[in-house]
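Have the sequence and the model open as you read.

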Amino acid sequence: DAEANAAALRDALGEALFALRRCAWGDGTGEEAGPFFPTSGTLVGLLRYGALVGDLAQGRQDFVDNDLDFFVLTPSEPHDVWSGRFVPCMVSQLNRAVSEGASWRCNDMTASRQLHYPGRPKADWTIEERVTRDDSDYLVCERGPDSTTVEGLMDQIVMVDLVRLLRPPAGDSSDQVLGGWFRTGTLPLSMIEPLAKCKAWDEELPCPRHSAGLLQLRDSWHGNGRGGCLALPEVTADRCSYHGANERLLAGLSWHDITKLQ
């Protein structure tokens, strides 16, 4: 049911933003998590349509992604900002924001290997760092209806992936933050801050300074759009190839679609 799926995505986004604004309100100058911004398919959808689902010609729709993806910038100190503060806050605020008849479940995914600061080889870690860096950096939350007998149950379940980006420690002039799509990778902070604004239906939320450039840094990913163009929808293995509504896009785009996208 495309209509139920679109409604669930919109509700999940609204509730996730409610929680993120209360749990990731930091600006990078203190000890709080934040700011946050969308990434991956969520960012693609907002850049392309100002929404997570786009309306094309002849009643067709583009379901850009089936989940929500956010990065959360987090200070290096203190060590418990993510698992000790941000994660409990998100669980509490999501359950506070959820609509009647639905619920949230979250799983704080424990890191399979320790993180290290950009430019700091693993061999240089101290004993304390080997212990304190073994922290979660990936929170997965699932929103679904309370009843397991609801018709079209899978259309109403939405996953939200929240990934920590670790800022360089105090005194480190590096432009790189640790984490992102690959846990041991780095991303340039200058492409993220100062943040811009994206439209999400009737709301605004923070987005990376150079959204398109940041998305292109994800090597071997084919979710940006047809020919790598963010404006042109394309159904791929990364972009909801299994979604019923997207099957109508497999034949390609028409001139009517291009006109509407303009």
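A disulfide is a pair of cysteine sulfur atoms within 2.5 Å. This is a predicted model. Searching the whole structure turns up three disulfides. Counting bonded cysteines along the chain, the pattern is 1-2, 3-4, 5-6.

**Cys23 and Cys89**

- Cys23 and Cys89 are joined by a disulfide, S to S 2.1 Å.
- The torsion about their S-S bond is about -80°, so this disulfide is left-handed.
- Cys23 sits in helix α1 (residues 2-23) and Cys89 in helix α3 (residues 81-97), so the pair ties together parts 66 residues apart in sequence.
- Cys23 is buried at 7% relative accessibility. Cys89 is partly exposed at 22%.

**Cys106 and Cys141**

- A disulfide links Cys106 to Cys141, with S to S 2.1 Å.
- Here the S-S torsion is about 110°, so the disulfide of Cys106 and Cys141 is right-handed.
- Cys106 belongs to strand β5 (residues 102-109) and Cys141 to strand β6 (residues 138-145), so the bond ties together parts 35 residues apart in sequence.
- Cys106 has a relative accessible area of 31% and is partly exposed. Cys141 is buried, at 1% relative accessibility.

**Cys198 and Cys207**

- Cys198 pairs with Cys207 in a disulfide, S to S 2.0 Å.
- The torsion about the S-S bond of Cys198 and Cys207 is about -125°, so the disulfide is left-handed.
- Cys198 is buried, with a relative accessible area of 8%.
- Cys207 is buried too. Its relative accessibility is 1%, and buried means under 20%.

Technical notes:
Residues are numbered from 1 along each chain as its sequence is written. This is a predicted model: local features need pLDDT of at least 70, side-chain atom pairs count only at pLDDT 80 or more; totals for chains, interfaces and linings use all residues. Side-chain values use heavy atoms; hydrogens and water are left out. Helices (H or I, at least four residues) and strands (E, at least two) are DSSP runs, numbered from the N terminus. Buried means under 20% relative accessible area, exposed over 50%, partly exposed in between (1.4 Å probe, protein chains only).
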